[in-house]
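Dear colleague,

I am passing on the structure below, together with some notes on what came out of going through it. Please read the notes with the coordinates open beside you.

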Amino acid sequence: MATSTDTTEADARDRADMARLAAGHDAALNDLMERHATPVFHFLCRMLGNEDDANDLAQETFARVFRSRASFRPGAKFSTWLFTIAANLARNQIRWRTRHPNLSLDAENETTGEPLGQSLPAPGSSPTDAALATERAAAVRAAVQPLPADMRAAIVLCEWEELSVAEAAEVLETTPKAVEARLYRARGILREKLKRWL
């Protein structure tokens, strides 16, 4: 878990890199991508349930950071701005999928032949622990995927990405109360679906 000092230093680095990027130092984008590409990719994987779409949208997220570099407010928190871009892209993709359904949310990873969730890192110190963790993670993913997009986004941002309710509200362009309500409803649904694991 990052300390507040680490977070403050990371925010300062992000703001400095955005200032460099806005000043024409395109290489600053590489530094931002090095720090944030993996969390953005994992966020998009959890939102979309499809590795290929997540990869495409992660790239598009950073392309938009580059194109919008002049509009970044110097006092703003970069990670919140970044996740707002990624969340908007994910919502657009989910809406597009609703109108053009043709992909399974449990699609196999073409490289490994396993479901997407199997390729995300799972904790565990023994094979038994790893197997249980994998099964539990699959059950959680299966329970989260059918949630309405607004509830799924709130759960992913607050539980997996560890954003505060206020930060999630900013990313989702809503109020903290609305995020709390979505979390409450989503947790109730998940508690019911995941009784076996609780």
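Which residues does L44 touch, once those up to four places away in sequence are not counted? In this model, which is predicted, L44 touches G49, A54, L57, A58, T61, A86 and A90. L44 also belongs to the largest nonpolar core, a set of 50 residues in which F43, L44 and V65 touch the most other members. At least two residues of this core come from each of helix 1 (4-22), helix 2 (28-48), helix 3 (51-67), helix 4 (78-99), helix 5 (127-144), helix 6 (149-160), helix 7 (165-172) and helix 8 (176-193).

Helix 2 deserves a separate paragraph. The buried residues of helix 2 are A28, L29, L32, H36, V40, F41, H42, F43, L44, C45, M47 and L48. At H36 the helix bends by about 50°, and a proline, P39, follows within four residues. As for the length of helix 2, its 21 residues at 1.5 Å a residue should span 30 Å, and the end C-alpha atoms are 28 Å apart, which agrees. After helix 2 comes G49, with a positive phi near 70°, and G49 is also among the residues that L44 touches.

On helix 4, I85 is counted as buried because its relative accessible area is 13%, which falls under the 20% cut-off. Leaving aside neighbours within four places in sequence, I85 is in contact with T61, R64 and V65. Between I85 and R64, which are 21 residues apart along the chain, the C-alpha separation is 7.7 Å.

The side chain of R67 is joined to that of E60 by a polar contact of 2.8 Å, while the C-alpha atoms of R67 and A22, 45 residues apart in sequence, lie 9.7 Å apart in space.

Finally, on the cysteines, a search of the whole structure finds zero disulfides. C45 is buried, with a relative accessible area of 3%, and C158 is likewise buried, at 13%.

With best regards

Note on methods:
Residues are numbered from 1 along each chain as its sequence is written. This is a predicted model: local features need pLDDT of at least 70, side-chain atom pairs count only at pLDDT 80 or more; totals for chains, interfaces and linings use all residues. Side-chain values use heavy atoms; hydrogens and water are left out. A nonpolar core is a set of buried Ala, Val, Leu, Ile, Met, Phe, Trp, Tyr and Cys residues joined through side-chain atoms within 4.5 Å. Buried means under 20% relative accessible area, exposed over 50%, partly exposed in between (1.4 Å probe, protein chains only). Contact means heavy atoms within 4.5 Å. A polar contact is a pair of N or O atoms within 3.5 Å; within protein, one must be able to donate a hydrogen and the other to accept it, and residues adjacent in sequence count only if both atoms are side-chain atoms. A disulfide is a pair of cysteine sulfur atoms within 2.5 Å. The expected span of a helix is 1.5 Å times one less than its number of residues. The bend at a residue is the angle between axes fitted to the seven residues ending there and the seven starting there.
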